[in-house]
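Grab a pencil and work through the exercises below. Try each task yourself before you read its solution.

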Amino acid sequence: MKRLIPFLLLSLLAGCESTTVPENTITPILSYTTGQTKGDTTAVYWYTFQQNRPVSLSEIVMKGDYGQYQSEYRWREGNLREIKREGTQFIDMVVKPFSLHVRYDTKGSAVFQRYLVDGTVLPLSDTQLYQLTRQAKQATDVIKQQRRDGQSLVQGYWQGKQFLRCDDDKPLSVTFETALPDYIEQQLSQDKFMAVTGKVRRSMLEANQLLMLADKSQQCLSAPVLLK
């Protein structure tokens, strides 16, 4: 009978161990789309995150006469690992085409970089590399704040006095939190493409900030895909 006691104890301990092992649950990857206009610069963001840590970010940045570009960022376990960007930028008093691609190791050091300006390969300085990581941090900070404020990207087309949202053509009644300049109000009576940050409640759009107002030939904005 004494020989059975250790066996029974081991069985009970094994049973206790198996019940305390947590399940291997997989948390979903969530997405959020928003934007911001600051000065002459307008940015639109497509962001994915998991457990409040960034996973990916695509952006379109428009800087008026100083060019525009598209970027895609990737994180792994919360660490920035890759950036790819292409567009035009103001260099030496001229707007020139450019592209760049940077990969980072687990410690945040750039282990691969390629910077092409108007067909010429150039090195990225330490300052430029720092600016890239700083821009990624600034973008995610804006997105998180917009999410806390309940603001998101809403885009669509004006047809007369009716605004039809992209994707589902749902008609929305639009109000702006702050009064728009008269010349913009006049354009809203024409057939236009419009992108704003705001809140949609049923069939009402409360627009917080006007991001873009363009000719009706402008296509609905979608996340740029640069990284394969």
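**Exercise 1. Is Arg 85 buried or exposed, and which partner does Arg 85 have in a salt bridge?**

Step 1. Start with the cover around the residue. Arg 85 has a relative accessible area of 5%, so Arg 85 is buried. Buried means under 20% relative accessible area, exposed means over 50%, and partly exposed lies in between, using a 1.4 Å probe and protein chains only. Keep in mind that this is a predicted model, where local features need pLDDT of at least 70 and side-chain atom pairs count only at pLDDT 80 or more, while totals for chains, interfaces and linings use all residues. Residues are numbered from 1 along each chain as its sequence is written, and side-chain values use heavy atoms, with hydrogens and water left out.

Step 2. Now find the partner. Arg 85 forms a salt bridge with Glu 59, and their closest N and O atoms are 3.5 Å apart. A salt bridge here is a side-chain nitrogen of Lys or Arg within 4 Å of a carboxyl oxygen of Asp or Glu. This pair links distant parts of the chain: Arg 85 sits in strand β5 and Glu 59 in strand β3 (residues 53-62), 26 residues apart. Strands are DSSP runs of E with at least two residues, helices are runs of H or I with at least four, and both are numbered from the N terminus.

Step 3. Glu 59 has 3% relative accessibility, so Glu 59 counts as buried.

**Exercise 2. How many salt bridges does a search of the whole structure find? Take two more and check the cover of each residue.**

Step 1. The search finds seven salt bridges. As background, side chains of opposite charge can pair when their charged atoms come close.

Step 2. One of them joins Glu 72 and Arg 74, at 3.3 Å from N to O. Glu 72 is buried because its relative accessibility is 6%, while Arg 74, at 30%, counts as partly exposed.

Step 3. In another, Glu 206 meets Arg 201 at 3.0 Å, N to O. Glu 206 is partly exposed at 31%, and Arg 201 is partly exposed at 45%.

**Exercise 3. What is the order of the strands in the open sheet of eight strands, and which are the edge strands?**

Step 1. The order is β1-β2-β3-β4-β5-β6-β7-β8, with antiparallel pairing. Two strands pair if DSSP finds at least two bridges between them.

Step 2. The edge strands are β1 (30-38) and β8 (120-122), since each pairs on one side only.

Step 3. On average, neighbouring strands of this sheet are turned by 15° against each other, direction ignored. Angles run from 0 to 180 degrees between N-to-C directions, and the axes are lines fitted to C-alpha atoms, for helices over the stretch in contact.

Step 4. Zoom in on one pair. β3 and strand β4 (residues 68-76) run antiparallel and are joined by seven bridges. There, Val 61 has Tyr 69 in β4 as its bridge partner.

**Exercise 4. Which helix packs on the sheet, and what does Arg 147 touch?**

Step 1. Helix α2 (residues 126-148) packs on the sheet, and the strands it touches include β1, β2 (41-50) and β7 (110-117). The direction of α2 makes about 105° with that of β1.

Step 2. Arg 147 belongs to helix α2 and is partly exposed, with a relative accessible area of 40%.

Step 3. Leaving out residues up to four places away in sequence, Arg 147 touches Tyr 32, Phe 49 and Asn 52. Contact means heavy atoms within 4.5 Å. Arg 147 and Thr 34 are 113 residues apart in sequence, yet 8.2 Å apart in space, C-alpha to C-alpha.

**Exercise 5. Which strands are joined to strand β9 (residues 152-159) by six bridges and by four bridges?**

Step 1. Six bridges join β9 to strand β12 (residues 192-201), and the two run antiparallel. Val 154 stands opposite Val 196 in β12.

Step 2. Four bridges join β9 to strand β10 (residues 162-165), also antiparallel. Here Tyr 157 stands opposite Leu 164.

Step 3. Look at the turn. β9 and β10 form a hairpin with two residues between them, and Gly 160 in that turn has a positive phi of about 70°.
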